[in-house]
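Please have the sequence and the model open while I speak.

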Amino acid sequence: MTAGLGRLCTALAWAALASSASAQARFDKQIDALLRQGYDQPDAALAELRQLQPPAGDTAALRLQLLARGMVLAQSGRESEAQGWAGALRTHAREQQDAQAEAAADVVLALGAHNAGRLDVAAGHARRARDALQAFCAPLGYWTLPGARSSAVVSPAALPEGALRCEHRAAWQALLMLQHHAVDTGDWIGATQQARRARDLAAAADDLPRQARSTADLAWLSARSESIDAALALLQQAQRLAQRAGDPQLQAQVRLAEAKMAAQRGDLDGVRRLAEQALPLAREGGSPRLEAGVMTFLSDAHAKLGHPAEALQAVERGLPIVRRHQDRRIELALTNNAGLAKIGLKRIPEGLQDLARVEELAVAAGLGGLRAEVLREYDEALASAGDARGALALFHRERALSAEVLRQNREATLQQLRQRNDRERQQREIELLARDNQLKAAALANRELMQRVWAAAALALALAAVVVAWLYRRVRSTQ
């Protein structure tokens, strides 16, 4: 009877665990759907997030809900409201002793700055979030063993000690923003590393959409820094993952990754063709913002192919969407293409106004190198349009800016070297001090030992004197 009761209790415990895991899975799936909806329809997604109830007593689910609300607001350009939810996450972190909630707050702040085009600020927050979440996401909890699918329920006792439910969405978003910052600053090796980490994290969490997107990013980044065969293999893997997910948006993003690879080869017709293939997929997925992203590829390809009217038409379709969401990153690219197209149409004053806006956005993003590249493109466009004086003026500005960027990069590199040398010197001094302390401690120990030896010797002599005196008295008494 006792054995039967034990089996019944075990069965009930497993049933409760399975029910909890099922509730978590449903809640996570709802959050993912609302995050995707919030990219284009923030108000509708926020309304549903307000109504969504996390599983009772699940602090990780409550943290995820707060994170989702902050991310939807941040990526829709409502940065001040998003900062309020970042504050709510910090309060949650203090009350629940939840370090992952503190990192999630940094992700919300990073996403708001990233959407506003302040890329250096975004990278700083994203870096802190990534470092804080790394310890939690390395073993990947989710009540599954490392490497197991998220549907597999196991006993908590079977998990590695200290394993928790990793906030992998926040960690993945932090890695994605660091990847974008590395690309914008020309750090291709760093961008490839971040994309690989994001892909591995999504795969470990069995998150198919994020895994497909990061694999597609890794494909075009690998085409730049590694072999083309490896890049093509990654691209095919991304295509299979997007096909498995059955998501038109993912398929469009894979097409855009392929378009980036074509752009690296200088295949402008390929870029245009792939962008035209991605456009209906973005529409089918119901994502106007993704359509606007496709327009950056179309407008760039048309401008470089010598079709300024088509390029300007593509820009005019995308700009109202990104401005509505205050997405400065895509606005910068579209505005740049608009200016080049207008110069190609001999609307030079309008094109130069767009150039001023591009420079303003680039300065806000802290991208001095991008400003120099933009000036070079406009210099060539003005020369092709017959404005030699304007082209010469931009040439001189570009050379001066390139020299300044080179000087700043050199100073930054020297500063990093000085800091590294200072750290190494401090480390050497610490090691020397530690060795000196060890020697002093050894000398002190030796001194104490000698003192003990002398004390023991003195005690032995005193005892010997007592014994001799006693023997003398005995002998004298006997005689």
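Let me begin with helix α13 (residues 288–304) and helix α15 (residues 328–344), whose axes come within 9 Å and cross at roughly 30°. Axes here are lines fitted to C-alpha atoms, for helices over the stretch in contact, with angles running from 0 to 180 degrees between N-to-C directions; helices (H or I, at least four residues) are DSSP runs, numbered from the N terminus. α13 and α15 are therefore roughly parallel to each other, a term for angles under 35 degrees, while those over 145 count as roughly antiparallel. The crossing of α13 past α15 is left-handed, that is, the near helix is turned anticlockwise from the far one by less than a right angle.

Before going on, a word on provenance: this is a predicted model, in which local features need pLDDT of at least 70 and side-chain atom pairs count only at pLDDT 80 or more, whereas totals for chains, interfaces and linings use all residues. Residues are numbered from 1 along each chain as its sequence is written, and side-chain values use heavy atoms, with hydrogens and water left out.

Which residues of α13 and α15 meet? From α13 they are Ala 292, Gly 293, Met 295, Thr 296, Ser 299 and Asp 300, and from α15 they are Ile 330, Ala 333, Leu 334 and Asn 337, where contact means heavy atoms within 4.5 Å. By class, this contact of α13 with α15 has five nonpolar, four polar and one charged residues.

The residues of the contact of α8 with α9 divide into nine nonpolar, six polar and four charged.

Finally, the covalent link: the count comes to one disulfide, defined as a pair of cysteine sulfur atoms within 2.5 Å. Cys 137 and Cys 166 form it, with their sulfur atoms 2.0 Å apart, and the link is right-handed, with 80° about the S-S bond. Cys 137 lies in helix α6 (residues 119–137) and Cys 166 in the loop between α6 and α7 (168–184), so the pair, 29 residues apart, links distant parts of the chain.

Are these cysteines, Cys 137 and Cys 166, buried or exposed? Cys 137 is buried, at a relative accessible area of 10%, and Cys 166 is buried at 2%, where buried means under 20% relative accessible area (1.4 Å probe, protein chains only).

Conventions:
Nonpolar A, V, L, I, M, F, W, Y, C, P; charged D, E, K, R; others polar. Helix = DSSP H or I, 4+ residues; strand = E, 2+ residues; numbered from the N terminus. Buried < 20%, exposed > 50% of the residue type's maximum accessible area, 1.4 Å probe, protein only. Parallel < 35°, antiparallel > 145°, perpendicular 65-115°, else oblique.
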